[in-house]
Amino acid sequence: MTAHDAAYPGGTQPSRTSTTPDGGRFVLRTRVFDADDLRRAHTRIAHEIVERNHGATDLVLVGLYTRGPAVARRLASAIESFESVAVALGALDVAFYRDDIGLRPVQPLGPTEVPDVTGRVVVLVDDVLFTGRTARAALDALTELGRPRSVQLAVLVDRGHRQIPIRADFVGKNLPTKETEDVRVRLAEVDGGEDGIEIWGPPATEDA
Amino acid sequence: MMQHLLSIDDLSRADIEQLLELSELFVEVTQRDIPKVPALRGKTVVSLFYEDSTRTRLSFETAAKRLSADTMTFTVGSSSVRKGESLRDTVQTIEAMGVDAVVVRHSAAGAPHRIATWIDAAIVNAGDGAHEHPTQALLDLLTLRRHRGPSFDGLHVAIVGDVRRSRVARSGVKALVAMGARVTLVGPPTLLPEALETWPVEANDDLDAVLPEVDVVYLLRIQRERGAGALFPSLREYTTRYGLTAARATRLRPDALIMHPGPMNRGVEIAAEVADGPASIITQQVANGVAVRMAVLWSLLGSGGPVV
């Protein structure tokens, strides 16, 4: 991962994010989406974004690392396929804006590359909406990069358990989860293998 | 998590690579309209400078401010050191004010290491005597990397001049060799290190023979304030044999890069037209210094969990 080979916003992924927080202890609970489901969700969100904003001309899709930039690229190519306009893309790293710096290890995840957002409609894009803290940090980061006309939030999964009053405008799937569980979105271009969304959790014996 | 940055010896090749990648991200931050992030809000960084410095001190203070840390400056000229306060008392006084990192420059080799044993704050070596200047080495690597890409394997660097008393050269050699580069020291024997055989480098006293061979020529400052003048017959003689004059620079390969840690003695180790010429990346070294120091301060104060 270097600035040199990032030919595309968020075009590369650092290796140090590939470890899972449970240290490999969690087991697969449910496979919620397969590749086709995920493709349909992208298509639907793409249509909703264009419908809500009466077109795509002023849009900037800004993905939040790690998987947001890849989701944003998919949404952009879907929009381009049915609207025939190029959609501006950006990638945003929020590490330096997080509210848990010093409380846990925090590492930047990739190069921030955001086009001019002033006066445009920014759609922040991420894979999973959970506590809302990443989205809050993203709003702060965005404020210093310009003054968008409006800011919206698109996520593939809303898994609940918000700790901050933040709501998504576009949701692929609302997924009720336990706080101890882990929602894992896999995208071929980031994670390798097949697309899908899975719920992982501690082995049943620990989770009575 | 890094606790101090005292010497390049503390860093593995992977650590250096990670710091350089982080620095690239901070280069982007420094290029924004608002070149500042809130990452180190509430942290205090003190610069404790027992030696004169313009660029290093300003660079660290700029780095701290762009991370939203508070900064304090301690320079010997205007302090209780003038009243005879010891280094240890000074440092403990500063710590009592509640600081998170101390950036130290001192004329005595090892002073930052000693300070690190006295107080809990993170210590950054900003130059200790003729020993080390690790952030200079890192910013030099970053500057090279931004020109040549992330691989240093096989890159041939000539370091020219007063290597013997140069902390820049000491840190630079360690960092370059750790990254896989090849280093040739160039200068008269009186300016090369005494235990040269223990250094992982080649040496040559003929600059004209070395220049066509190298990818980078790194000129060291003739440190007149450290008595460098006693080690060669005259500045004019030095310039004649080791100065990078415009005529001599034509021996370099067309894509070779010219570096200097500053401040330059124009007309001594480097001719003005060479310093300002297209092969010179000297001003980029200064610009990259802020990003590298942001990466170092973030790694020390921001990236980890609570210090227990």
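I looked up Leu297(B) to begin with, and I found that, leaving out residues up to four places away in sequence, Leu297(B) touches Leu40(B), Val45(B), Ala63(B), Ala64(B), Leu67(B), Ala69(B) and Ala101(B), where contact requires C-beta atoms, placed from the backbone, within 7 Å. I note that this is a predicted model, in which local features need pLDDT of at least 70 and side-chain atom pairs count only at pLDDT 80 or more, while totals for chains, interfaces and linings use all residues. Residues are numbered from 1 along each chain as its sequence is written, and chains are lettered from A in the order in which they are written.

I then turned to the largest nonpolar core, which holds 155 residues, and Leu297(B) is listed among those that touch the most other members, together with Leu61(A), Leu75(A), Ala101(B), Ile159(B) and Val217(B). Such a core is a set of buried Ala, Val, Leu, Ile, Met, Phe, Trp, Tyr and Cys residues joined through C-beta atoms within 7 Å, and buried means that 20 or more other C-beta atoms lie within 10 Å of the residue's own. Helix 11 of chain B (residues 282–301) gives this core its largest share, 10 residues; helices here are DSSP runs of H or I, at least four residues long, and strands are E runs of at least two, numbered from the N terminus. Because domain 1 (8–131 + 289–301) and domain 2 (134–285) of chain B both contribute residues, the core lies between them, with the bounds taken from an automatic or database domain assignment.

Next I checked the chain contacts, where 19 residues of chain A meet 17 residues of chain B.

Last, I read chain A, which has 4 helices and 8 strands, and buried residues make up 43% of its 208 residues.

Note on methods: A residue is buried if 20 or more other C-beta atoms lie within 10 Å of its own, exposed if 12 or fewer, and partly exposed in between; C-beta atoms are placed from the backbone. Two residues are in contact if their C-beta atoms, placed from the backbone, lie within 7 Å.
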